[in-house]
Amino acid sequence: MRAAAAHDPPAHERPLGSCRMIAARRIRWCLLACLSFAVPAFAADPAVERVLARWDGDTRADLKAVVVLRDGELIAERYYNGDDARSLHDMRSAGKSVTALLAGIALDQGRIGSLDDPIERYLPAARGKPVAGTSVRDLLTMRSGLDADDTQEQSPGNEDRLDEAADPAAFALGVPRREVAGTRYQYNSLNAYLAGWVVAAAVAQPLDEFARANLFQPLGIEHWQWQRDASGHAKGQGNLSLSARDMAAIGEWVLDGGEHAGRRLISRKTLDDILAPRIAIAAVDPFADHYGYFWYLRTQRIAGRDVPVAFASGNGGNKIYVVPSLRAVIAITSSAYGRGYGQRRSQDILRAVLAAMGPAASRDLPAAVSAREG
């Protein structure tokens with residue numbers, strides 16, 4: 001049985017410099033992708049490297065990797081407890097955030113007509129079922145109204161019941177409705193499973209194959225695994241395994257507003273919609289202020305200044321942190337599944353890295369961007 005996560009846990013427009021600087025960033029990141037798992041010689045940040053070294057002596061032995069990018073350049077990376085740059089890691093529910101990105105790509109391609117469409121438009125099997133009438137947007141914001149709560153073992157739609165079902169697709173369609181869709185946020189994996197199924201049906205292609213062609217290959221991500229369930233569906237709720245560097249590559253693409261190497265994979269408007277703060281969740285989540293479409297947002301207070309952070313997050317402390325004001329991405333892999341300290345440790349690492357980067361980091365931000373972020 002897989003441990004349920006109470007917090008299995010988005011980006012503003014990327015501050016841009018001159019065209020020359022943008023081109024240089026793209027070339028550096030393409031070189032990193034082409035070099036694959038070789039460790040390239042990049043301009044390391046000694047202060048950030050010292051921060052990462054603090055966790056060398058963590059006796060819990062389940063922190064695996066931290067990769068830090070700035071301006072698209074690798075400035076620090078560290079591996080722990082036997083992992084290295086080749087290691088694929090199950091980032092658990094951080095995969096939900098990838099599902100949201102794929103939904104956005106499908107929307108831009110016209111495969112999904114509107115996020116307000118009821119899911120039975122794409123899943124005819126949902127007609128007459130409790131989930132009928134639930135919109136794609138309701139799924140993406142965890143407001144389906146279905147009786148699913150991953151923190152409660154007795155919940156009819158609990159993620160463990162979904163995982164253990166002989167036919168997870170049929171199980172998902174049969175979970176009873178608890179309340180009207182769109183009325184209340186309740187985190188659960190069932191919503192993301194259904195969202196992934198909707199995307200696959202809309203594009204007439206398995207979710208993992210759509211991801212390969214429309215996200216992973218364009219970003220240079222070649223080594224990955226996405227678990228499929230007993231119904232044959234890639235699990236839109238998680239169980240996507242990537243290397244820490246490739247998690248960071250996705251974060252960098254988000255930071256760049258959905259464009260990579262001159263190719264736009266998702267519109268800036270759609271990406272902004274995915275990352276917009278839609279639901280205040282601080283009252284029920286100690287690690288986030290708001291929820292978007294399967295992405296989280298929190299403003300960290302660092303050395304007297306507010307630093308907005310958008311992030312994907314999974315059980316155990318797996319994270320893709322995107323920090324627009326510092327033009328930074330921090331990817332963390334951890335196997336502290338089902339242990340609360342994993343989430344706390346990753347937030348501690350984030351805060352320590354942000355502090356090491358220092359307030360001077362945003363001095364050269366364009367005035368319009370600084371004003372908007374403030």
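Is Asn239 buried or exposed? Here are some notes to read beside the model.

1. First, the ground rules. This is a predicted model, in which local features need pLDDT of at least 70, side-chain atom pairs count only at pLDDT 80 or more, and totals for chains, interfaces and linings use all residues. Residues are numbered from 1 along each chain as its sequence is written, and side-chain values use heavy atoms, with hydrogens and water left out.

2. Back to Asn239. With a relative accessible area of 5%, Asn239 is buried (buried means under 20% relative accessible area, exposed over 50%, and partly exposed in between, using a 1.4 Å probe and protein chains only). Asn239 sits in the loop between β4 (225–226) and β5 (240–242). Helices (H or I, at least four residues) and strands (E, at least two) are DSSP runs, numbered from the N terminus. The phi of Asn239 is near 60 degrees, a positive value in a residue other than glycine. Most residues other than glycine have a negative phi.

3. Now look at Ala303, in the loop between β10 (296–302) and β11 (305–314). Ala303 isn't a glycine, yet its phi is positive, about 50 degrees. Ala303 is exposed, with a relative accessible area of 73%.

4. Next, helix α3 (residues 94–108). Its 15 residues reach 22 Å from first C-alpha to last, close to the 21 Å expected at 1.5 Å a residue (the expected span is 1.5 Å times one less than the number of residues). Helix α3 is mostly covered, with 13 of its 15 residues buried. Just after α3, Gly110 has a positive phi of about 80 degrees.

5. On to the inside. The largest nonpolar core has 107 residues, and Val68, Leu102, Phe216, Trp226 and Ile330 touch the most other members. Such a core is a set of buried Ala, Val, Leu, Ile, Met, Phe, Trp, Tyr and Cys residues joined through side-chain atoms within 4.5 Å. Helix α7 (residues 189–203) gives the largest share of this core, 11 residues.

6. Last, a strand pair. Strands β1 (residues 63–70) and β2 run antiparallel and are joined by six bridges (two strands pair if DSSP finds at least two bridges between them). Leu69 stands opposite Leu74 in β2. Their hairpin has two residues between the strands, and there Asp71 takes a positive phi near 55 degrees. Strand β2 (residues 73–79) is mostly covered, with five of its seven residues buried.
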